[in-house]
Amino acid sequence: MPRHPDPQLEQRILDAACRLWSRGGAKSLTMRAVAKTAGTTTPTVYERYRDRNDILRALRQQTRQELYDVLSRCHSLGQCCERYLEFALERSHAYEVLFDGVAQPPSLHEPWPSFNLFRERLAQELGGTPRDHTRLMLALWSLMHGTAMLIIRGRASGALRTQMTHACIDAFETIVLCASTFKGKKHSGPKWPANLKLGEGEESRLNHHDAQPQHKEKRNHGGNGKARGNVERKIRRGR
């Protein structure tokens, strides 16, 4: 009798790849090992995915979509932060795969729907366009990801895990509040290059030939007292 197609096969292959990667990184992710772990044959895996990189690409895309689906149901930026951390900790293996080499091609050139969702919510909260908040979102993303990875790799549990999670949420909300209070203030370092685009598919790349000169902006701390100047310096480092 003819075999019936297995509707769960591709998901089993992705789940197997995720487990293998979590155990030994990229070197453990061979097509043969994926097939064995998924309970299928190597030719069957090749029928669906060209190579290991193709499997990883599919796994990243699936994880990004699942994370986006969770965040899109949130009603506030603070809740988005909380749900982001919950997703990362509950799906730690897939989360680690997602961010392994995220700043390098091909991952850098793929869509980042959750990053863009956060920027859209920031624009709704603070005004302007989503791209106006790319640098702020980079800081918030670093805060969330750093906390998630500290908990995952540090194997934090119990009261410490709870405190780390809520400390991150509190810091996230404080940074957004300060960004609203000090809108328009200058930040440290060079201006964001116009051709450095994150999370926007084929536009998520830096064209070095067209890069604009980068000059450090002058800081202006005067006029409002030393205490105000100290606060503003702290805020600039988060924008």
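Begin with the largest nonpolar core, which has 38 residues, and select Tyr-84 and Phe-118, the two that touch the most other members. A nonpolar core here is a set of buried Ala, Val, Leu, Ile, Met, Phe, Trp, Tyr and Cys residues joined through side-chain atoms within 4.5 Å, where buried means under 20% relative accessible area, exposed means over 50% and partly exposed lies in between, with a 1.4 Å probe and protein chains only. Next, colour the elements that give two or more residues to this core, namely helix H4 (52-71), helix H5 (77-90), helix H6 (92-99), helix H7 (113-126), helix H8 (134-154) and helix H9 (158-181). H8 gives the most to this core, with nine residues. Helices (H or I, at least four residues) and strands (E, at least two) are DSSP runs, numbered from the N terminus.

This is a predicted model, in which local features need pLDDT of at least 70 and side-chain atom pairs count only at pLDDT 80 or more, while totals for chains, interfaces and linings use all residues. Residues are numbered from 1 along each chain as its sequence is written, and side-chain values use heavy atoms, with hydrogens and water left out.

Now centre the view on Phe-118: which residues does Phe-118 touch, not counting those up to four places away in sequence? With contact taken as heavy atoms within 4.5 Å, they are Leu-71, Leu-77, Cys-80, Cys-81, Tyr-84, Met-137, Met-144 and Phe-172. Apart from this core lies another, of 21 residues, including Ile-13, Ala-17, Leu-20 and Ala-38.

Turn next to the charged side chains, where the structure holds twelve salt bridges, each being a side-chain nitrogen of Lys or Arg within 4 Å of a carboxyl oxygen of Asp or Glu. Select Arg-50, Asp-54, Arg-57, Arg-60, Arg-64 and Glu-110, which are linked in a network of salt bridges. Within this group, Asp-54 pairs with Arg-50, their closest N and O atoms being 3.7 Å apart; Asp-54 is buried at 12% relative accessibility, whereas Arg-50 is exposed at 60%. Glu-110 forms a salt bridge with Arg-60, with the closest N and O atoms 2.8 Å apart. That pair links distant parts of the chain, 50 residues apart, with Glu-110 in the loop between H6 and H7 and Arg-60 in helix H4. Both Glu-110 and Arg-60 are buried.

Finally, select Glu-200 and Arg-131, whose side chains meet in a salt bridge (2.5 Å, N to O). Because Glu-200 lies in the loop between H9 and helix H10 (226-238) and Arg-131 in the loop between H7 and H8, the pair ties together parts that are 69 residues apart in sequence. Arg-131 is partly exposed, with a relative accessible area of 43%.
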